[in-house]
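Dear colleague,

Please find below the structure that I am handing over to you.

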Amino acid sequence: MECRQKGYTVVVEATPGMTTPEASRAPFPASTAASPPWVTANDLLWLLYLYPFRLVARLLPRWILYGIGRISNPMVQFHARRTKAKAAPWIAQACHTTPARARQIASQSLSNTMFRTLDALLLARPSSDKMLCCTAMDGFQNLESALARGKGVILLTGHFCANRNALRYLAAKGYRALSVHNRVPPNHAEGRFGRLFLKPRAVALQKSANSDQVYVEDPGCSLSILRRLRAGGLVCIQIDGREGPTVPEQLFLGLPWRIRSGIFELIRVSDCAVVPMLSLGHSSGFQIRFDPMLAIHPASSREAFVAANLPQFLTVVENQIVENPQEWRLWNHF
Amino acid sequence: MESFLKDAAHPSRDTMDRIRRVFIQSLQLNLSEEDFSYEANLDESVGLDSVAVLDFVAALEKEFGVEFEPEMLTIESVRNLKELAAYLDERTARRDPGAAQPR
């Protein structure tokens, strides 16, 4: 049967996964190789992480796990040197900083991403909530006043390393937030072994680190989000995923960026509140900040609604990133 | 939810026609209502993505003047034409108790 469907898909997160120097050699945006090799170096690293290291990490205290992370850091930095070199000019341009500072930010971002990966192992433990140490929570009244409207709240943020810690902490305090992800995050460095065997395991680990999530690939995803919003609950959206051929390209951090527009339809249908959230740090000490609700501009059509609201959403997340560039984990992803 | 499932075998044909029309319009399909059997699932012939489902539900809510209850906001609930029609019959009857239900 012939049919024509509108060309966009819901929301949201392009969860970046396993970045290696091989990714850095891909054009920007990275292209998918027609026939990837059976096994790559990236696959072997993930095999180590997902099996022996994950099993050992169940028993190790956090300080030992972090110690292993610090020891491994120089190797990780060396491994990703091309990716970082590629990211540095972009960082310098987007953050209006010097090349030297940009290289430093690229290294810090990579290091924080690695600690996020270690935190995922801690969060997969049954008693992980006790290990989360929130050192500061600012603007909580902004969240409460948004919740008081009774129409649900979208927590708007970017791909920050501490998001998962923050969401787990909030859930433990009674503020569960549905998190939206890609089931199959793009990874241009993986081989066929990684794609077939390791990726499902990585998704399972992600799920065990935060089970309250939905996947954009599922046809029921938007209804799950709407259900949570109509129940007056929370949904966390990372709007800076770069995977949506859905609205005309926007400039984001100085680059053309394709933002998925499904979030705006959800906002239109649910009339929910949108509260910017920023989380920074590691599981051993992180901060959460909620900014005041965004003013949503009504519009007669879907396209006009996106046009009226998208710029302020992007500005909010851009400002979060520029203020805390070392905490954003997509610098080294492309 | 159980009450409308009991009537799912005899939902209003008018409601089913309206649902089919809304489905085609909201997804901008080049199909006719007859392409969708009363007995089949709506997504049997047309692949649905997440936003298409949301568009469909939003269009149904507008067409019937009701808001779906949270437990109905699942892909399983909105793909079956008969069950969907029975639910909307029940919701509109609840909203307009005096309204006659065409069969």
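In chain A, strand β3 (residues 177–181) and strand β5 pair in the parallel sense, and 3 bridges join them. Within this pairing, A:Ser179 stands opposite A:Cys236 of β5(A). Please bear in mind throughout that this is a predicted model.

**The sheet of chain A**

Strand β5(A) also has a partner in strand β2 (residues 153–157) of chain A; 5 bridges connect β2(A) with β5(A) (residues 234–238), and the two run parallel.

How many residues of β5(A) are buried? The count is 5 of the 5, so the strand is largely enclosed by the rest of the structure. In a regular strand, side chains alternate between the two faces of the sheet. Both faces of β5(A) are covered: A:Leu234, A:Cys236 and A:Gln238 are buried on one side, and A:Val235 and A:Ile237 are buried on the other.

**A residue of helix α11**

A:Ala304 belongs to helix α11 (residues 302–323) of chain A. Along the chain, A:Ala304 and A:Leu156 are 148 residues apart, and their C-alpha atoms are separated by 20 Å.

**Two helices of chain A**

Helix α5 (residues 99–123) and helix α7 (residues 163–172) of chain A pack at an angle of about 30°, and their axes are 10 Å apart. They are therefore roughly parallel to each other, because angles under 35 degrees fall into that class. In this contact, A:Arg116, A:Asp119, A:Ala120 and A:Leu123 of α5(A) meet A:Arg164, A:Asn165 and A:Arg168 of α7(A). By class, the contact of α5(A) with α7(A) comprises 2 nonpolar, 1 polar and 4 charged residues.

**Two residues with positive phi**

Most residues other than glycine have a negative phi. A:His96, which is not a glycine, has a positive phi near 50°. A:His96 sits in the loop between α4 (81–95) and α5 of chain A, and with a relative accessible area of 72% it is exposed. A:Leu253 likewise has a positive phi, of about 50°, without being a glycine. The loop between β6 (250–252) and β7 (255–257) of chain A holds A:Leu253. Is A:Leu253 buried or exposed? At 4% relative accessibility, A:Leu253 counts as buried.

**Chain B**

Chain B contains 5 helices and 0 strands, and its elements follow one another from the N terminus as α-α-α-α-α. Chain B has 103 residues, of which 49% count as buried. Among contacts in chain B with a separation of 6 or more, 63% are between residues 24 or more positions apart.

One helix pair may be described in detail. The axes of helix α2 (residues 13–26) and helix α3 (residues 50–64) of chain B come within 9 Å and cross at roughly 135°. α2(B) and α3(B) are therefore oblique to each other, and their crossing is right-handed. On the side of α2(B), the contact is made by B:Thr15, B:Arg18, B:Ile19, B:Arg21, B:Val22, B:Phe23 and B:Ser26. On the side of α3(B), it is made by B:Asp55, B:Phe56, B:Ala59, B:Leu60, B:Glu63 and B:Phe64. The contact of α2(B) with α3(B) has 7 nonpolar, 2 polar and 4 charged residues.

With kind regards

Definitions and conventions
Residues numbered from 1 in each chain as written. Chains lettered and ligands numbered in written order. Predicted model: local features only at pLDDT ≥ 70, side-chain atom pairs only at ≥ 80, totals over all residues. Heavy atoms only, no water. Axes fitted to C-alpha atoms, helices over the stretch in contact; angles between N-to-C directions. Helix = DSSP H or I, 4+ residues; strand = E, 2+ residues; numbered from the N terminus. Parallel < 35°, antiparallel > 145°, perpendicular 65-115°, else oblique. Left-handed = near helix turned anticlockwise from the far one by under 90°. Contact = heavy atoms within 4.5 Å. Nonpolar A, V, L, I, M, F, W, Y, C, P; charged D, E, K, R; others polar. Pairing = 2+ DSSP bridges. Buried < 20%, exposed > 50% of the residue type's maximum accessible area, 1.4 Å probe, protein only.
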